[in-house]
Amino acid sequence: MIDPTARVHPDAQLAPDVEVGAYSVIGPQVRIGAGSVIGPHTVITGNTTIGRNNRVFQFASLGEVPQDKKYHAGEDTRLDIGDGNTIREFCTLNVGTVGGGGVTRLGDDNWLMAYVHIAHDCLIGSHTIFANSSSLAGHVTVEDHVILGGFALVHQFCALGAHSFLGASSLVLKDVPPFVMAEGNSARPRGINSEGLRRRGFSTDDITTIRNAYKALYRSGLRLQEALAVLDGESDNPHVALMAAFVRRSQRGIIR
């Protein structure tokens, strides 16, 4: 059902069962999949694709031009949102930039609480949680199952590895490896996200192996390349291999 006060451009492509609330505005390049619900006073513009069974709450702004002075009007860039996401009040997600890859992407089954900001060219995986007012600068990568505490801020070009966890009000200036809990200004490693791993079905043996890999990186006094050699010795464990691969491809360096 589309509320009669909503403004839906005739070129927009909405599945027949999409709901659009009062006074919302849907632009001409917008595509919204089946089962999605768009709350009142929401603006969705730009080259924006929203998948199936998403819930967007009131006053969200999706697909607007980036907050980037290098962006030029008319750039062929987009915002892609997957399936099953919850996007709460006043969230802002911008399209990408040509210089940054051209796309901002949000995967599946993510939970974005109120006032979350996802800047241009960010690539977000699936099953993440962004608590209230957490924000990403441009070009940030967030892998699957990451949790950001309220008011957490991530510097541009940083990466958050799978299953990592940011404490409330943390400021992230470098990459956070998979499974690591980080907290502070600037964020520092505070152990592994063991409780989150247990809830997701990780075995006791896997958690112990991940904890030992963390100790090699952060508690052993080894230089980074020496610590990576220790992780390579456990490369038959896919979780440790994931940590090692993340550290090796880090462009900004990992938090210390």
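Here are a few notes on this predicted model, working from the whole chain down to some single residue pairs.

1. Start with the overall build.

2. Now the dimensions. The C-alpha trace spans about 65 × 40 × 30 Å along its principal axes. A compact globule of 256 residues would have a radius of gyration near 18 Å, and the chain's 20 Å agrees with that.

3. Next, look for the open sheet. Nine strands make it up, in the order β1-β4-β7-β10-β13-β16-β19-β22-β25, and the pairing is parallel. At its edges sit β1 (7-8) and β25 (171-172), each pairing on one side only.

4. Strands β19 (residues 135-136) and β22 (residues 153-154) run parallel and are joined by two bridges. L136 has V154 of β22 as its bridge partner.

5. Strand β26 (residues 180-184) deserves a separate look. With β27 (residues 187-192), β26 runs antiparallel, and four bridges join them. V180 stands opposite I192 of β27, and a hairpin of two residues links β26 to β27.

6. What about the inside and the surface? Buried residues are 52% of the 256 in the chain. The accessible surface is about 11800 Å², with 51% of that belonging to carbon and sulfur atoms.

7. Last, the charges: there are 23 positive and 25 negative side chains, and the centres of the two sets lie 8 Å apart.

How values were computed. Residues are numbered from 1 along each chain as its sequence is written. This is a predicted model: local features need pLDDT of at least 70, side-chain atom pairs count only at pLDDT 80 or more; totals for chains, interfaces and linings use all residues. Side-chain values use heavy atoms; hydrogens and water are left out. Two strands pair if DSSP finds at least two bridges between them. The radius of gyration is taken over C-alpha atoms; the globule rule is 2.2 Å times the number of residues to the power 0.38. Buried means under 20% relative accessible area, exposed over 50%, partly exposed in between (1.4 Å probe, protein chains only). Accessible areas come from the Shrake-Rupley method with a 1.4 Å probe; for residues, only the protein chains shown count as cover. Lys and Arg count as positive and Asp and Glu as negative; His and the chain ends are not counted. The place of a charge is taken as NZ of Lys, CZ of Arg, CG of Asp or CD of Glu.
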